[in-house]
Amino acid sequence: MPHNLTIIHSLLLFSTAFIAGGLNAVAGGGSFITFPTLIFTGMPPITANATNNTALWIAAVASAGAYRRDLNIEKRELLVLAAISLVGGVIGSVALLYTSPDVFKKLLPYLLLSATLIFTFSEPLKKWLQLQSKNSSSQSPPLLILALAQLAIAIYGGFFGAGLGILMLATLTFLGIKNIHAMNAFKAFLGSCINGIAIIPFMVADLIVWHQAILMAVGGSLGGYLCAHYARRLDPGLVRKFVMVVAFSMTTYFFLHQN
């Protein structure tokens, strides 16, 4: 299905992808901007989801590259969670392929709402999880529990993906990682596993619109790489408030235009 790009649409997609790449590197929530933009330019929701996933995957890889020195975690846990992320990403993306466009369109506002609520309450949730982890008798939970949690998160990520990074922070909290840069590095790495593997079923189903995906990948990579390096200069609280306003606005819009 051809999706012709006008100059205005091209500039809009590039600039929103740049902002989203930066948001994902600092606070998460970039999909709240890029995914609706693709729909506003005339792309069907499932195709927009697959194209958005592909574009932001490259940006996630760029961000992971910027954080690579902070990725200091036990090799066994890293390999297990990476493998689980790959399996879950495939399951979620294949499930999306078997979801009818009408069903996905009806699910969309609720998916956005769940992602918005996860993002909004992520800080209190993170503090509560850290408290639970500190009060726990064992130093960290069994790897099996972490693996099952990551599998559920990865399935969600392969199917939709908005709010994925925030969900992964819960897993990282239980691993006992306290350094924010280490958490961002691990989040970027696992996110790139989930989104990267999901591209394969999307390619087989010919869902990805490559012109838009490549344009947004360049914008998202630039935004992600630059913001990962200059993240310390930004006020995370201000960034989070901006994402919340966008997320609630987009969710409200899709509820109002559901039919």
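Begin by selecting residues 184-204, where the chain of this predicted model is 100% helix and 0% strand, with its end C-alpha atoms 31 Å apart. Next, select residues 78-98, a stretch that is 95% helix and 0% strand, and whose end C-alpha atoms also lie 31 Å apart.

Now move to helix α3, which covers residues 45-66, and pick out Asn 53 within it. Is Asn 53 buried or exposed? Its relative accessibility is 8%, and because buried means under 20%, Asn 53 counts as buried. To see what surrounds this residue, show Asn 195, Ala 198, Ile 199 and Phe 202, with which Asn 53 is in contact once its neighbours within four places in sequence are left aside.

From there, zoom out to the protein chain as a whole, colouring it by secondary structure, and you will find 11 helices and 0 strands. Followed from the N terminus on, the elements run α-α-α-α-α-α-α-α-α-α-α. If you then display contacts between residues with a separation of 6 or more, 84% of them join residues 24 or more positions apart, and the contacts of Asn 53 with residues including Asn 195 and Phe 202 can be revisited with that in mind.

Of the 259 residues in the protein chain, 52% are buried, and Asn 53 is one of the buried residues.

Notes:
Residues numbered from 1 in each chain as written. Predicted model: local features only at pLDDT ≥ 70, side-chain atom pairs only at ≥ 80, totals over all residues. Heavy atoms only, no water. Helix = DSSP H or I, 4+ residues; strand = E, 2+ residues; numbered from the N terminus. Buried < 20%, exposed > 50% of the residue type's maximum accessible area, 1.4 Å probe, protein only. Contact = heavy atoms within 4.5 Å.
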